[in-house]
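Hi everyone, thanks for coming.

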Amino acid sequence: MKSTNVISQFFSSYEVTMQTLDLLVQITSQCEWKNASDLNQIIKHFGKKLIDTKPWDPIISNAIKRVLYIIREDYNISTIEETDAGIKQLRSSQAAISDIGNLLLKRHTSKRLDINRAGIFRLLGDKEKDDFSQSYTDLQERIIESINLVIQEVESIYEFVAEQALTHIHTNEVIMTIGHSRCVEALLKEAAENRKFQVIVAESMPSYAGRKFAGVLAGAGIETTLIHDSAIHTMMARVNKVIVGTHAVLANGGLMAMAGTHILAQAAKYHSVPVIVCTGLYKLSPIYPSQDSFAELNSPSDVLNFEEVAGDLAHVRVINPAWDYIPPDLLSLYITNSGSYMPAYIYRLLAEYYHPDDDDI
Amino acid sequence: MRKEAFNKQLLNLEPYEGGLEMFSHLPQFKVPVSYTGAMRADRSVHPAVVRLGIKYAKKKILGSNARGIAMLTAFKIVFKEFETTEEIAIAFDKEIETVVQFLEDCRPISFGMDNIKSSLKSEIANIRSMDLEGAKEYLINYIDSTIQKIEQADALITQYGAEKIYDGDVILTYACSYVVEQIIVGANADGKKFRVVIVDSGPKYEGKTLLKKLLPLGIECSYVFIGAISYILPEVTKVLIGANTVASNGAVVSRSGSAIVAMMAHARHTPVMVACETYKFHERVHLDSICYNEVEEPNTSQDNDKPIPSNKNLKCLSLAYDVIPGDYVSVVVTEVGLIPPTSVPVFVLRDLENN
């Protein structure tokens, strides 16, 4: 089994999520557990260790909470299918919920109707508290299959995001972005195959991630301009849309994004420019922002290197924050793998991925 | 660039190819190898002016105050050695035009310098009846008194600004401004206990210059890049920035990046103070940062571990200035006191009336 320390080496949310999910599949298949409650405890135990490597990062706990939700759902399905009454109820409600089921099927990339039915079934069926202590023979297989579906879903987000490119990007538009986001890259490259537009990329100090991104876009045939961060407000006067990626999406519809994104959002508000966030829903976190949510600070040597500080500048306090919080009122739209949503709607999606009883990790 | 403006140029300059169409109304030229070599055949300029022009072009003199005073000093030298056989007024007028045009070709002049040029030219009306020596003396005295007025203005601004800094304040400033430095040093000398946050940005990193000046004085300083502004603003009580000019619609032209600082501070209801002498107020109106700006040659050589990819579809843009809309600015600190940005046209129109 992989060491939990390896997780802290991965920085992008995508890599972290994929590695965490792989690890959880391994835990589910290799550890000994009798029932869902046992598995729940095991996953929470390992989950805590993973989260401790990067306590400020919601992405790791997202993946773990998602799997815990899957365990509950699959346990419910197993319970229903075990009882005769359950099977009858399932068949009779099939007609009623098939419409709803089809609707959900279109929105979610998961092909298994069972998961969705179990979700709706909670509305239609019993709501008693279960202690998850029954053991079922097919539960392990079911859970592993569900986690693998989630892995597939995460792998395919760029494809589904790119599908929506032409709805939002039109000819001769000027689009502004910051740093390097794979989702935004997929969206813009797809749009570039059919339409001609310009992109302004802010280089984003001190990581200079924007430089590489500008090169990637230029390589795809898009007319790109690379600007310094200081010119964001200057150029916003000529921008039609701001499209950004994010590190995590918070429960109130706000963002935890790279430092500098708040400047883009605020300048866009002043110039009445819509701000679009491109993301996969695996980044949606069931947490709300608080004062110290984003206290992750990167090394100050990226800002003022150690040689410079040694001399005259010895007593300076240098700060290099990694993240910015962007409140939902500055955002116009979320383009995700399962469709476009407004920031005020994001909290509704939480119920489809997470369960409030798992919040205590 | 417009044709008349191009024809007026003293230097034969090569246009810069990588420029953006959006900024085609602004001069975008390559830096010439030799300034004297690039001069048009029939024109010549005093060597002191050539030296000054080269200093401007190589960014050895930064800041509109420093540039303005350097230009006045150069004018003094030019006038001292000025010889002419033409009519006094016309000759001096042409000379002023030539000097300013050369400096403009080296690096576009700031609005303060433009105002100085206008006021010098209006003084020519007074020398019409004098002889050459008398005219020279008159103009040199005028220049001396102008320099003195600027220095007095700075002293007053320092005083008014320092009065507005209280104990326990956290002052945020952007890049490096001479007047802001004076205010902070003045407040510190008055014994006030406060700390300073310097926000900086590439490619010039002017904030480091200010940092090096303030730290030895024992002032507690923090240093951040502009991306961190959202993080640092909750600690800040006041924002203090310098200006190149304040336009007649209350918009402040300042170093690129100042608009971001002012905007973020304004969103948090943190007061934004702009320090600017009245001689820099200009009659022009600025609605956004694109109608007037200075396009600089992009610095592609720095930070070689994160090189800028080269591709025909990729252009780099480096702008010098930013326009801060008047709504973001709480108060302008001038030598006549603290005025709201909407009162700036009063000074501009008053000067126009007097002239």
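Predicted model: local features only at pLDDT ≥ 70, side-chain atom pairs only at ≥ 80, totals over all residues.

Let's begin in chain A, in the loop between β2 and α10, where we find Ser204(A). What is the phi of Ser204(A)? It is positive, about 60°, although Ser204(A) is not a glycine. For background, most residues other than glycine have a negative phi, and most peptide bonds are trans. Is Ser204(A) buried or exposed? Ser204(A) is buried, with a relative accessible area of 1%.

Tyr208(A) sits in the loop between β2 and α10 of chain A too. Its phi is near 55°, again a positive value in a residue other than glycine. Tyr208(A) has 8% relative accessibility, so it counts as buried, the cut-off being under 20%.

The peptide bond joining Met205(A) and Pro206(A) is cis, with omega about -10°.

Now over to chain B. Which peptide bond is cis here? The bond from Gly202(B) to Pro203(B) is, and its omega is near 0°. Pro203(B) belongs to the loop between β2 (195-200) and α8 (207-214) of chain B.

Next, the interface. On the chain A side, 48 residues are in contact with 57 residues of chain B. Together the two chains bury about 4300 Å², and 64% of that is on carbon and sulfur atoms.

How many salt bridges are there between chain A and chain B? There are three. One of them links Arg238(A) to Asp288(B), with the closest N and O atoms 3.1 Å apart.

Which parts of chain A touch chain B? Among those that each supply at least two residues are α10, β3 (223-227) and α12 (261-270). The residues on this side of chain A divide into 25 nonpolar, 14 polar and nine charged.

One last stop: β8(A) pairs with strand β3 (residues 220-225) of chain B, in the parallel sense and over two bridges. Within β3(B), Tyr223(B) is the bridge partner of Val318(A).

Methods. Residues numbered from 1 in each chain as written. Chains lettered and ligands numbered in written order. Heavy atoms only, no water. Helix = DSSP H or I, 4+ residues; strand = E, 2+ residues; numbered from the N terminus. Buried < 20%, exposed > 50% of the residue type's maximum accessible area, 1.4 Å probe, protein only. Contact = heavy atoms within 4.5 Å. Buried area = accessible area lost by both parts, 1.4 Å probe. Salt bridge = Lys/Arg side-chain N within 4 Å of Asp/Glu carboxyl O. Nonpolar A, V, L, I, M, F, W, Y, C, P; charged D, E, K, R; others polar. Pairing = 2+ DSSP bridges.
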